[in-house]
Structures are given as structure tokens and as C-alpha cells.
Amino acid sequence: MTNYNWIYSPTDQIKSNSLAKELEISPVTAQILINKGITGPQAARTFFKSPLEELHNPFLMKDMEKAVQKTISVLEEMVSRQQQEPIPSLITIYGDYDVDGTTGTALLKTFFKEIGVNVEHYIPDRQSEGYGINVEAIRKIAASGARLIISVDCGMSSYDEIVEAKNLGVEVIITDHHQVPEKIPPAYAVLNPSQQDCSYPYKELSGIGVAFKLLTAIRNKLRDNPDFVDRLPNLKRHLDLTALGTIADLAPITGENRILAHHGLQELTRTQKSGLAALKKAAGCLNKDIETADVGFLLGPRINAAGRLDTADCVVKLLISENTEEAEKIAKSLDVINKERQNIQKEIFNEAVELIDSNPSLKDSYTTVLASEKWHQGVLGVVASKLLGKYYRPTILISLNGSIGKASGRSIEGFNLYQGISKCGSLLKKFGGHKMAVGFSIEKDMVEVFKKTFEEETRNSIKDPNIFLSPIKIDSTVSIDEISKDLCKEIEMLAPFGFGNSRPVLAAKNVSLPFPPNVVGNNGDHLKLRIKGNKKAIEAIGFNMGGLISEFDFEVDRFDIAFTISINRWKNKETLQLKLKDMRLTDEQQ
């Protein structure tokens, strides 16, 4: 098992008791709110409700005014000319092939269609074109008659390509959220809140989040436009797409993202979009309240699978479809592709584990960089994430094809992977990403040099060895007797949970087991047990912790446990359940 570093949040009993009294909640829930920086009752009530009115003015974002004026001028020209004769679309949406880019592309196309303007879109092929905007695509779009390209979830690393677009008479509006390079592309407008001189208050929007802000601003300006005022859609209805892209792209569920996810999940539950309904049906979650876990484990992977193994253009077609039969056909095909993705992913993961475990030098290294000519580049990011869970090192996997390698990397908390590979930038052909995930291309002959250089740079930058212990942040210490269904329901008020707003982790110290635990699951992978307090005992499950059955004397030992709480609903019966994150011998026994 991975070694964990338990990090206890500071407690303030006076503040938590005071907040608990004002809100009529438990001190445990109050302390969790305080840990999130929410110290007053009004701020807490706002956090619980996540009102849409708390979204920031989109015009606070750098270049938003320019982007809106340019888009509206082209829309007006299209409407004017279409009244005389059919014309090709003057606008093309250029989206990334992942769930963030495809949902954002579908969002823009749906909005423009609703106001009476049909626009084209372009999704690059991951295998043949790679990430970002490429020159050949620019030339095709320019030849089609487009005068404006709006990117979604890409563009920040496409300097030369945007120069080419300008040379061909095509303006580009970038909507992106990735790390800002030193050399910003000369686009007509760059919408990215991460820019240093951008005053937008919230910096963590996803790609579709930035696109949503653009549409919010456009809609605001079109209220006084006689050509469009009667057609303006209610953007709240499109928060289903926005939440899907935001959550599946692992954007932190904080600030504006929390508001978009909170309302978006409600819209996703009751969506009237044929494509989303078909996707939910294929994933087996059509008739239930959609939660972040459904997006992360059921819906998002099916969308991403298309871009990983095939072309993601079918995803956009699914998401904008108004035909149930067509949508269900596409959704079923995505289901098949996703199963294939899972098999390929498992095979690569097993190969990577064998390479790591058979190489002693890799066990002591600060980084994991592996390359193979057999690996499908489309699933490398997913496999890197799984390896991260097993070994907890910055991990980069490279798929070699001829003389070129294409890589995906994932990072650990506290290490900025984008900055790490930037220090090796001279060895790479092209790279992009953010602190937790990167992608790049590299000459095959430079791979070994990169491995060595990246390892050296990482060693020089990491000073605290505890960074390689996977952190478990403990929100509050409780006794087993304090745990109840009421506490669980209070904690549910903090949802939606996800990256940046994890389900609160609690700790209980010096607990014992009234009965020996069992191992469950097909291979005995999981540990099932009851945890005893002074007055009650509660069921607990430790997923993938079955190996502990031989490590402890459960009849004698006493434990400290880290866990989340939930209500297990089965056959109309509700049972309180602890989900173990880790367990270890109580301090005095170690």
C-alpha cells in the first residue's frame, strides 16, 4: 500500500462551537466549514446555496469586451447576408478532443444555433494531429470561408498557428485555461483568467467554464440587439454541459466552479438534451440524481474514450443531437469504445508496473518516466494517474511512433509539473498543460536525455521528502459515538464533492474491533469490519485494503482510522457506513 501522510487541520473549538450554534449544525461540520475559510454564518449559508448571482461579471476578464464585440459583429454580418442568400459559416469553433473541449464546443454550437446562426466546428484527431491548434487545420478552416475561429480548451501553446491564421485573414479568439506561456499567441483576444494581467477574480475555471463566461457576456450584449433579443436562450439550461466538462476535467470544485457544478448537476439530472439522455442511459444512470461520481466514473470516461482511441467529432455530434435514435446509436458506440479503452489501459498499466518493479533504480527515483513503442498514446494520461496512485511520483508516459514520442504526465500535490518540464523545454518539440497534468512531443533520440534531466531538475526543486507521501487531510477528529446519520446529512450539504472540495475526511483514534474483519470481493481485495465506540459500533469498508488482514492482530490491536462517512442505501434501507482511507496502529503501540 501507499504510505500516507496524515495532515490534521488546525481546530478552533471556540469558533466551531459558535458557528455551530448560529447555524444549528454540529461542531464537526462547523469546523469543516472553518477549514474551508468559511467562518461566518452568512458565508456558510451562501456556500450551501451556491447562488448563481455569486458568479462574477464576465467583463472582468481580460479581452472579454474585444471578444464579444468581434463575435457579435460577425454574427450580425452572417444574419444580414443570410437574409439575401445562403452563405458558408464565418465562424468555426475549434475544440480540444477531450471532455472539456468537446462539451465546450457543443455548448457554443448550441447557443449560436438557438440565436439563429449555424456555425461550424473542428475537433483535431489526437493520433494524427495531436493536441492544440495545427497549421493544416487552420488552412482548411480558412479555405472554408471562415473569418473567425473561437478555440475551446486550447490555443495558449499555438503561437505559430495563430500567426498563420492572421496571415490567411482569419481572426482567432482563444478561450483556454491552461498555463500561460512566456510567448502569448497574437490572437485577436485571449480569454484565460490565468494571465498575470487578467483581473478576473477566479482563476480556476475549466475550458468550458471560460467558454460559458464568453456566452454569458455575448448574451448580455445581445439583449438590446433587435436581431437577437427574442431568441436569447436561458443559459442555466446549458449548465448541464458546463458541469459535465468542468467536473470530468478535474477542475477544482471551488468558487465559481462549485456554483456551476451545483446547478449543473441538477440540470444534468433533468436534462432534455437527447444526447445527454442517451449518454446517461448507456452509462446506467438515466433515472437517478446525477452526482460528481457519476460524471467522473461513468459519463466523462465514455466521452473521453472517443478522443483517446478514435475521433472525438462523434461526441460533439452526440451532444448537439436532437434525434433520440441517432443519439442512442452514438452513445452505444461510445460504450463499446470505452470498454476497449479499459482493456488497453489495463494492459499498459500492467506493463508499466512490471517495468518499475523490475528496475531498482526507479524505486529510488523522484520521477517515473517510461517509454514504449507498443503503447497507445490516447490512454497514457489515465494510466499515468493510476501509476500515481500506486507509486506517488511525478509520472510521465511516452508513446513512441517512429522518430517521435508523444507524452502525457500527471503530478503529485505540491509539485508543479508544467514548471518541471519547462526546465527541460529545450529538449521538447512542443509542450503544454498545467501544474497537475502536461502533454508534450519529443524526438525519440532525446528521451533518455529528458529522463535524466527531468530527474535532476526535480531532485533540485524538491526539498521536503514528505512530498512523496500521499497526503490525507484530516478535517476533524471525532469519536465513533459522535458519528450519526444527521452528521452525514450535514456533510452532504457541502456537496458537490470533487477535486478541490473533497468529501471531508474524519479521524477516530484508539478504536477497537468487536469482531474479526472479513475480506470480501472476488479476489479478497476489500476489508469489511465493524468499528467499536463506547456506545455503538459502525460498519466500515476498506476498498483495496484486504491485504491488511495479515498485518495486524485485530483482536488485540487498537487503531487510528481515517475515513469518510456515507449512508448506504439498499432495498429501501439506510445504513450508516464508514469508508476507510487508511488505518494504522494507535501511536503508543507503534
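**Strand pairing and packing**

A: Strand 13 pairs with strand 14 (residues 506-511) in the parallel sense, over two bridges. Helices (H or I, at least four residues) and strands (E, at least two) are DSSP runs numbered from the N terminus, and two strands pair if DSSP finds at least two bridges between them. The model is predicted: local features need pLDDT of at least 70, side-chain atom pairs count only at pLDDT 80 or more, and totals for chains, interfaces and linings use all residues. Residues are numbered from 1 along each chain as its sequence is written, and side-chain values use heavy atoms, with hydrogens and water left out.

Back to the pairing. Serine 476 has leucine 506 in strand 14 as its bridge partner. The open sheet has seven strands in the order 13-14-18-19-17-16-15, and the pairing is mixed. Strand 13 (476-477) and strand 15 (518-520) are at the edges; each has a single partner strand, so one side of each lacks a neighbour in the sheet. Helix 19 (residues 485-492) packs on this sheet and touches strand 14, strand 18 (559-570) and strand 19 (573-585). Its direction makes about 85 degrees with that of strand 18. Contact means heavy atoms within 4.5 Å. Axes are lines fitted to C-alpha atoms, for helices over the stretch in contact, and angles run from 0 to 180 degrees between N-to-C directions.

Now a helix pair. Helix 12 (residues 292-309) packs against helix 14 (residues 324-357) at about 70 degrees, with the axes 8 Å apart. Helix 12 and helix 14 are therefore roughly perpendicular (65 to 115 degrees). From helix 12, Pro301, Arg302, Ala305, Ala306, Arg308 and Leu309 take part. They meet residues of helix 14 including Leu334, Ile337, Arg341 and Ile344.

Next, a loop residue. Threonine 367 sits between helix 15 (360-363) and strand 7 (368-372). Threonine 367 is buried, at 4% relative accessible area (buried means under 20%, with a 1.4 Å probe and protein chains only). Its side chain makes a polar contact of 2.6 Å with the side chain of glutamate 455. A polar contact is a pair of N or O atoms within 3.5 Å; within protein, one must be able to donate a hydrogen and the other to accept it, and residues adjacent in sequence count only if both atoms are side-chain atoms. Beyond neighbours within four places in sequence, threonine 367 is in contact with Leu362, Arg393, Pro394, Phe454, Glu455 and Thr458.

How values were computed:
Buried means under 20% relative accessible area, exposed over 50%, partly exposed in between (1.4 Å probe, protein chains only). Angles under 35 degrees count as roughly parallel, over 145 as roughly antiparallel, 65 to 115 as roughly perpendicular and the rest as oblique.
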